[in-house]
Amino acid sequence: MSADVTVAQKSWPLSAQIGRTWFRWRSFSPIPLFLMLFLLPAELTWSPTQYVLLILGVLLAESLRVWAVGHAGSTTRTRGDTVQQLVHAGPYRFVRNPLYIANIAMYTLCGLIFGFGLLSLFIFVYSSVEYYFIVSFEEQILSKTFGQSYLQYIEKVPRWIPSFRPSVESSGHAFNFLAALKSEKSTFYSMLGMTVGFFVKSYLSK
């Protein structure tokens with residue numbers, strides 16, 4: 001972390017300071033929740049139609065991730081305190097945090113697919129709190145980096161509830177589907193692991 005960021009961090013709100021730590025470890029934070037899905041006995045059963053609807057929800061959430069990553073590029077995978085560019089293209093014209101919205105939806109829906117009600121609610125609340133702190137940190141970095149341009153962006157684009165129409169002009173970042181797929185490899189592997197785990201758990205519970 002640069003000296004400027006170190007000095008600036010002392011004046012950050014507590015939520016941003018917590019968010020910085022959580023941001024660096026965000027890839028590992030869902031692991032305990034997923035372990036609970038595998039280890040605890042399911043409490044709910046779904047019909048085939050309900051399973052299909054839940055799976056479609058996960059696929060829609062992942063589609064939102066691909067749409068966002070396809071515009072933002074590999075910068076979404078960074079764990080540092082610097083941002084190279086301000087992206088307001090694709091879903092970022094409707095809402096400021098499409099990746100985190102997609103993640104919350106995916107985690108919660110996975111809990112439901114595994115047959116949990118209260119645990120899925122806990123996953124939703126836990127993920128929402130996590131991303132609240134992470135976004136608080138990111139907004140400090142973006143404000144410092146892009147100044148007035150970012151302040152104008154956040155005045156027009158909502159943080160969590162998407163608008164029905166684009167709220168700003170596109171920043172011109174083109175959608176790159178192949179780059180998005182490459183960046184999402186770890187997510188695809190995680191989804192594959194969850195699928196295998198679901199069928200293994202279902203088989204063992206018979």
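Glu-139 lies in helix 6, which runs over residues 118-146, in what is a predicted model. With a relative accessible area of 16%, Glu-139 is buried, because the limit for a buried residue is under 20%. Setting aside residues up to four places away in sequence, Glu-139 touches Arg-96, Tyr-150 and Arg-159.

Helix 6 also takes part in contacts with other helices, and helix 2 is one of its partners. Helix 2 covers residues 14-24, and its axis comes within 7 Å of the axis of helix 6. The two axes cross at roughly 105 degrees. Helix 2 and helix 6 are therefore roughly perpendicular to each other, since angles of 65 to 115 degrees fall into that class. From helix 2, the residues in the contact are Ser-15, Ala-16, Ile-18, Gly-19, Arg-20, Trp-22 and Phe-23. On the side of helix 6, they meet Tyr-126, Val-129, Glu-130, Tyr-132, Phe-133, Ile-134, Ser-136, Phe-137, Glu-138 and Gln-140. Sorted by kind, the residues of this contact between helix 2 and helix 6 are 10 nonpolar, four polar and three charged.

Helix 3, made of residues 31-39, is another partner of helix 6. The axes of helix 3 and helix 6 come within 11 Å and cross at roughly 175 degrees. Helix 3 and helix 6 are thus roughly antiparallel to each other, because an angle over 145 degrees counts as such. Leu-33, Met-36 and Leu-37 of helix 3 make this contact with Leu-119, Phe-122, Ile-123 and Tyr-126 of helix 6. The contact of helix 3 with helix 6 has seven nonpolar residues, no polar ones and no charged ones.

The residues involved are Phe-34, Leu-37 and Phe-38 on helix 3, and Gly-193, Met-194, Gly-197, Phe-198 and Lys-201 on helix 9. In the contact of helix 3 with helix 9, five residues are nonpolar, two are polar and one is charged.

Phe-198 belongs to helix 9. Its relative accessible area is 17%, so Phe-198 is buried. Apart from neighbours within four places in sequence, Phe-198 is in contact with Phe-38, Tyr-51, Ile-113 and Phe-114. Phe-198 and Leu-33 lie 165 residues apart in sequence, and their C-alpha atoms are 14 Å apart in space.

Helix 5 runs over residues 98-113 and holds Asn-103. Asn-103 is buried, at a relative accessible area of 9%. Beyond its neighbours within four places in sequence, Asn-103 is in contact with Arg-65 and Tyr-131.

Between helix 5 and helix 6 there is a loop, where Gly-117 is found. Gly-117 has a relative accessible area of 25% and is partly exposed. Not counting residues up to four places away in sequence, Gly-117 touches Glu-43 and Leu-44. Glu-43 is 74 residues away from Gly-117 along the chain, yet the C-alpha atoms of the two are separated by 7.4 Å.

The remaining points concern the protein as a whole. The protein has nine helices and zero strands, and its pattern along the sequence reads α-α-α-α-α-α-α-α-α. The radius of gyration of the protein is 18 Å, close to the 17 Å that the globule rule gives for 206 residues, so the protein is as compact as a globular protein of that length. Along the principal axes, the C-alpha trace spans about 60 × 35 × 30 Å.

Of the 206 residues in the protein, 40% are buried. Among contacts with a separation of 6 or more, 82% are between residues 24 or more positions apart. The accessible surface of the protein is about 11,800 Å², and carbon and sulfur atoms account for 67% of that surface.

Notes:
Residues are numbered from 1 along each chain as its sequence is written. This is a predicted model: local features need pLDDT of at least 70, side-chain atom pairs count only at pLDDT 80 or more; totals for chains, interfaces and linings use all residues. Side-chain values use heavy atoms; hydrogens and water are left out. Helices (H or I, at least four residues) and strands (E, at least two) are DSSP runs, numbered from the N terminus. Buried means under 20% relative accessible area, exposed over 50%, partly exposed in between (1.4 Å probe, protein chains only). Contact means heavy atoms within 4.5 Å. Axes are lines fitted to C-alpha atoms, for helices over the stretch in contact, and angles run from 0 to 180 degrees between N-to-C directions. Angles under 35 degrees count as roughly parallel, over 145 as roughly antiparallel, 65 to 115 as roughly perpendicular and the rest as oblique. Ala, Val, Leu, Ile, Met, Phe, Trp, Tyr, Cys and Pro count as nonpolar, Asp, Glu, Lys and Arg as charged, and the others, Gly among them, as polar. The radius of gyration is taken over C-alpha atoms; the globule rule is 2.2 Å times the number of residues to the power 0.38. Accessible areas come from the Shrake-Rupley method with a 1.4 Å probe; for residues, only the protein chains shown count as cover.
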